[in-house]
Each structure stands twice: as structure tokens, then as C-alpha cells.
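Look at the model below, then read the notes on how its parts pack together.

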Amino acid sequence: MPVTNYQSVNSEINDLPLLELFTRLREAGMPLGIGEYELLVKALQGGFGIRDRSTLARLCRSLWVKSPDEDSIFSYHFEQLIGSAEASGSSALIETPDKGSDSKVPVSIPWLIALTLVGVGIGIYVAFSRTIDPPPKLPLPPTGTPTKNPNATVAPAPIPPVVTQPSSPSIGDYLAWGLVFLGLASLTTWFAWKILINSRSNQPIAKSTKSTELIQTVNDEMQIAKALKSSQNIRRDLFTSTTEFFPVTQRQMKQSWRHLRRMVREGIPTELDLEATIRQIGKEGILLNPVLTPRRINRTQLLLLIDRDGSMVPFHSLTDRLADTATREGKLGDAGIYYFHNCPIDYLYQDPHHSLAETISSILPNLGKNQTVVLIISDAGAARGRYNPERIELTQSFLNLLKKQVRNVAWLNPMPRSRWARTTAAEIALNVPMFEVSRQGLDGAIDRLRGRYSHVEGMQQ
Amino acid sequence: MVGRMVKAMSNLQLKYTGNKQPTLGERDNKNGQLLYPYLPSQELVEVINLAIYLERPLLLKGEPGCGKTQVARAIAYELGLNLEAWYIKSTSRAKDGLYTYDAVGRLRDAQLAASGRLTTEEIKRIDDPANYVQLQQLGRAFNSSSPTVVLIDEIDKADIDFPNDLLLELDEKRFIIDEVAETSPIKEINAKISPIVIITSNDEKDLPDAFLRRCLFHYVKFPDRDRLIEIVNARFTISAAGISQDLVELAVSRFLELRQQMQEKGSNSKKVSTSELLDWIKVLQQYPQDEALDKLNGKIPFAGVLLKSWDDHIRYLNRD
């Protein structure tokens, strides 16, 4: 049975269902592969999703859509290609006439141009040929010319150009000028129509996005994937609204956070430690007790300290995204996220608006020394480019306090490394490993938090 | 090829409709618990049949209390299949759902054999490590010759490696037991019949993409008002002497109001769910109908069943 399935798929290449939708979704950045498409075909052959549009949409969603962002992209493209799944979808009503006119206009434009040019050409030619008549009949030379010099060659008498008076306006004239007028009129209407089409075709995009709620921000990695593709084929309908241009995409952040783990053996010994048992048998000659060891569990708790407001305002969405992905990856444990402004002095705040304060002296002792690692996200003065000795000192004293209480500390700076020179950041970077926010920077910071010193960073420029 | 065809054929005949419900007082024959009806939405039924047909696991997400875990039990009940339930803890490892190897037991037996306290049959048993392998939920499902429903509950509680460790097992439906000899018959367990795998997640942590790719996905939506009334009716006609329709309708209306208020306040906090509604009505129906209706018309009675935080209590009780 599987063999015939594949055969039937291969033989009807042009009838592959929903191939266009699949391609568009792939171009939009959704992680779909051939396997997913084959799954769809298999489901269709099994009789699923063929009843009506909404069933088909649900089928595709179950197979291909795995997150709310993907859902909005899927809805958008599905409506574009197949029309609205809901009967009352206003986008369908708006889409089809414009789709029709869009397809009509490209066809009729060349014809219209040809018609106008032909009309204008004929009209002008006829009109001018009427005003400038062909040379009239010449008066015959008089027969009674003297034949005094019969030797002179009888040269044909020169034909004097005679401008005849313009004859009275005739039907032909009317016809000619009429054609010219018609040509000009059709040219004008064509231009006007083109402008109208342009202004109207802006609307369906906005309307259909409203109906599928694409105005909500779309995942930034999909936007980047689209930006790469759009250089090849710039189609207006491929652009979706997003305000995110992060140096690290959400998916990359998630993957980086996953590396932040430390498997230690802690807890009740339940597992058999085979090597240790064998060693013990070798030492003692008999097996007295098997040696048990606790299971390995992940014991890392991340404490995120985020600088907020002031020079960090442009980076709020970036820090929010970092905090959000870290939380969703479950890295924070008991430690959590705290906010500060410029430099943590006495208090740290539990919320971004600096309203719930906690003293540093009450937070730090509660952190498990072996488990907690601290990541500070701050521009350290690099955003404004100033050098502030007081800030350096305060930060230094805070860091000294911190390093005693936790295992590792790292610093993430949203400003690129090239902007740190001669600012407070450069000084702070001498004392704590500081990384810029890029894929390598984030990975470097996480490596540092894990206790791996991969390369000398932050120290040399 | 023939074996695969056999697998495909038998699963094709399984079709879940969501219509077969347990009768009054029926108990589960394994653990003796009372069985309750489960009314799935039409979309859920569709996607379950899709998962059965395509032989892929089905990942269910939704609010806590919306009935994700009951889906597997309902499928097993209607299709008359065994249910293998695997409840994930934060310390769970992927191997634990496949098989366990009793290494300590084997060492102990070896020790006893060395001190001469075992009979000859028992001594022979020690030689083959396969005797110390015990198949767990997925292993049993693969080994069984009739289809099984496997429930992997709350997969996002486990460590991030957990779903990744299950990829081969879910994809190709086989696994290898490391501790037995190469020539042992149970070295590689292949699924004779593809099990129906239902995975639930509370969406606390993100699942890796490679894992998501292999699953079908469905978000269990909160039922609308009519459906809620149906669910309540199905649940309570089955247990006690029935329940009055007025009470049900009023209770559901108050419940939906409350839920609406919670939705307006913030989308992140926990909203009241279906299971809490059922508990609430269970409490309400203990009272005579007039009293219960009176209570419902005032402040929310027995708020402790619905509101689980002090913030919620302050916000919604003082409102009336």
C-alpha cells in the first residue's frame, strides 16, 4: 500500500495539493520539511480534511503549526491562497475582487497602450495629411513657346510648389481629430486607473492582515528568514508587521539557554555505581554492599540582574525577550529576575518599574552558593559613551559582594564591543567577563557561567 | 513490508467518535475507580483520528483542568484498549518509561548464589540479564500484540533532555536494551502494533523543535456555554439522582461571568477551569435547590473551590 501512495504522488506532479501553501509557509520561515508535506498528502488520502475549508485548515494546523506565532502566519497564507475559512470573513470579500482586478490589469494594460498609440498615430497622421495636401496638378506650359533656340534642351518646366488654400472642413477631418482626441482620452484614463489601482491595492493587504490579526508582532527569526528571501523576490504580500530586529533570535536564545546546565549527583543514592562497586569487590574480596550514588540532576539556578530605564530604554524589548526565554526554559529556579538602574546600590527591584524593592543584603544570602550563577545585563555606561569613576566604584563593590555568594558571574552588554573603549564599560570589563549581545557573545557568557573558560574575552581588544 | 502493512491495517480500523460513554456507576476494571463521561469537541475527535491514522503522537496543550489527561482514558475506554499511563516527574528520564534494569537485584542474587543460598534454578536465572529487565509503559505497549493507548502526562515537567531522548522511540517505535547480551531475544524491542500516544503539556517550558516536529499538535480550547452545560449534565446525571437544569444553567452563567472577569484582568494568571466548575456544582447540589439558587444569586458561594489565591478572593468577592 505505501508503494502505490508514493507512485500516485509522483505521477501527478501538477496536481500536488496545497504545494503552493506549503512552499509559501516554508519561505515564511516555518520549519517544515518534505516529511511534513508527505504527512499531509497521506492524511488527505485517508479522507481527512476534505469536507470543507475549515476542516482542511484544521488538518494543516494540526500537522504544521506548533506555536501561536506560526498560527498567525499560517492563517495569513491560508487565507491568501485558499480564502477565508470562516464564512463571514470579510477578507474574502475584499480579496477576490482585488485579486481579480489585479489579474485583469496586467493583461489589459499592454492592449490599452497599443490601442492608444495606434489611435494617436493614425489620428495625427490623418490630421496633418489633411492640412498639408499632396502637390497639386501643375498648369500646363503654354504651347506657344517661342522656338528661337531649338538647341536648348527642353528641360521640364520647374514645378512651382503651390500651396493650395485649405479646403473646407470635411468628414475626414472630423474623423482624424476625433481619433486623436480618443487616443489622448484613453491615455489619460489609463493613467488615472493605474493610480487608483495602486492606492487601492494598498488596502487589501492592511484589511486582510487585520482580519487575521497579523498586526501582533511576529517572531523575529521568521522575519529574518523572510528578509533573506525577499531580496530575491520582492512581493508586497510577504512582509508582515514586526518591530523586532534582535541581534539574537528567540530560537537562538532558547538554544543558548539550554546549554546552561550543570549535572551533579545530588540527593538520595539510588543508582548503582558499577565501577565503584567493582573496585570495592576488588579491594575487599567479597561483595558486601553495592555502592550507590545519587542520580544526576540539573542544578543551576540563574539569577538575572537587568538594568532598566535611562540608557537602557532602547534595549527594553531585548532584555524582556532574554528574560522571557530564560524563564520559559526553566533556568531561573528559585533565583529569579531583579531589576536595577545603572548600578545596584542597596536595593534590587522585583519588577521593571522599580516598585517592589528588596535589599541586596536580604537577597544574596538566600542564594545557594554552589548552584547560583549570575548574569548581569547592562550597558555599563557604553550607551552614552561616558566615563564615570563613581559608577565604576559602586559596580566594583557590588561585584565583590556578589562573587563571594555565587559560583560564577558574567556580564552581557547590549552595546557592541567596539563601543566600550574609553567608557565605564571598559573598566568594568577588566573585572568581570563582559560579552556583547550576539550569538557568540551569549554563548560565551553562558560558557563562562558554566565555568568553562573557552577563550580570553573582554580582556583584549 | 508485510509486517508494516499488518500494523497499518489494524490501526486503520480504530476510529474514535467520542460518543461511547461509561454508564452510571461503572468502574475501571484495573483500579476500581469510578469512570466519568468525557465529552470531547469535534475538532479534538478529528485530530485524534488523524493521529491514529498517521501513527503519530498527539501533543495536547491547554489550560490546567481542561481535561487533557482524560482524553487518553476516554480513548482507551471507547476502543476497548489498554491504557499505559506514564506520569512524568521532574526527575524522570526517558529510559524509565521504556524499561528498568534491576542491577542491584542481580548483584544481590549473585551474592546469595556465592554464599550458597539459592537453588539451581535460581542460580541459572542469574546468568541471563534479561531476567532482570522489566518493561515499563512504552516498552509494554511496544511488546503487546494489540494496540495500546500510551499517555505521557505533563511532559514539560521533565528536564529538557527528556523529549529529545524519546525521539527514536516515537519515530521508529523501537528501542534497544543496553544491559542484555547482543544475542538476547529482547535486545531490540520493536513495536508490533503502533501504539496511540497521547502527550500532554502544561506549556510551562518550551519543548524542543525536533520533538514538536514529530507530533501532531492540538490546543484544547475552553468549551463554550452550551458545551459546558452538556458536560455538567453528563457528569451529574451519572452520579446522583440527577440535577436540576435551572441550577446548572445559573451556575454555569456565574462561572462564565467570573471567567470573563478574570480574562479581562490579565491573561497570565490562572483562570477557573472546567474541573473546578464540576467540583463547585458537586458542592452546590448537596443543598436543596432553593437554597442553592439563592446562594448563586448573591456572592459567589464556596469561593474556595473556584478561587485559589488571596488576590482572586479580594478581587472577585468584594465586587458583589
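## Helices 4 and 5 of chain A

In this predicted model, helix 4 of chain A and helix 5 of chain A cross in a right-handed sense. Two packed helices are described by the angle between their axes and the distance between the axes. Here the angle is about 145 degrees and the axes are 11 Å apart. Helix 4 of chain A covers residues 53-64, and helix 5 of chain A covers residues 68-82.

From helix 4 of chain A, the contact uses Arg53(A), Leu56(A), Ala57(A), Cys60(A), Arg61(A) and Trp64(A). From helix 5 of chain A it uses Glu70(A), Asp71(A), Phe74(A), Ser75(A), Phe78(A) and Ile82(A). Sorted by type, the residues of this contact are 7 nonpolar, 1 polar and 4 charged.

## Helices 11 and 15 of chain B

In chain B, the axes of helix 11 (residues 245-265) and helix 15 (residues 310-317) come within 12 Å and cross at roughly 115 degrees. Helix 11 of chain B is therefore roughly perpendicular to helix 15 of chain B, since angles from 65 to 115 degrees count as roughly perpendicular. The crossing of helix 11 of chain B with helix 15 of chain B is right-handed.

Helix 11 of chain B brings Leu258(B), Gln261(B), Met262(B) and Lys265(B) to the contact, while helix 15 of chain B brings Asp312(B), Arg315(B) and Tyr316(B). Of the residues in the contact between helix 11 and helix 15 of chain B, 3 are nonpolar, 1 is polar and 3 are charged.

## Where chain A meets chain B

The size of an interface is often given as the accessible area lost when the parts come together. For chain A and chain B this is about 3,100 Å², with 56% of it on carbon and sulfur atoms. Each side is represented in the contact: 34 residues come from chain A and 34 residues from chain B. Phe48(A), Lys66(A) and Arg328(A) supply 21% of the area that chain A buries against chain B, more than any other three residues.

How many salt bridges are there between chain A and chain B? The count is 5. Among them is the pair Arg58(A) and Glu43(B), whose closest N and O atoms are 3.7 Å apart.

## Arg384 in a loop of chain A

Arg384(A) sits in the loop between strand 7 (372-377) and helix 13 (389-405) of chain A. Apart from neighbours within four places in sequence, Arg384(A) is in contact with Gly310(A), Ser311(A) and Asp379(A). Arg384(A) and Thr423(A) are 39 residues apart in sequence, and their C-alpha atoms are 8.6 Å apart in space.

Notes
Residues are numbered from 1 along each chain as its sequence is written. Chains are lettered from A and ligands numbered from 1 in the order in which they are written. This is a predicted model: local features need pLDDT of at least 70, side-chain atom pairs count only at pLDDT 80 or more; totals for chains, interfaces and linings use all residues. Side-chain values use heavy atoms; hydrogens and water are left out. Axes are lines fitted to C-alpha atoms, for helices over the stretch in contact, and angles run from 0 to 180 degrees between N-to-C directions. Helices (H or I, at least four residues) and strands (E, at least two) are DSSP runs, numbered from the N terminus. Angles under 35 degrees count as roughly parallel, over 145 as roughly antiparallel, 65 to 115 as roughly perpendicular and the rest as oblique. A crossing is left-handed if the near helix is turned anticlockwise from the far one by less than a right angle, and right-handed if clockwise. Contact means heavy atoms within 4.5 Å. Ala, Val, Leu, Ile, Met, Phe, Trp, Tyr, Cys and Pro count as nonpolar, Asp, Glu, Lys and Arg as charged, and the others, Gly among them, as polar. Buried area is the accessible area (1.4 Å probe) that two parts lose on being put together, summed over both. A salt bridge is a side-chain nitrogen of Lys or Arg within 4 Å of a carboxyl oxygen of Asp or Glu.
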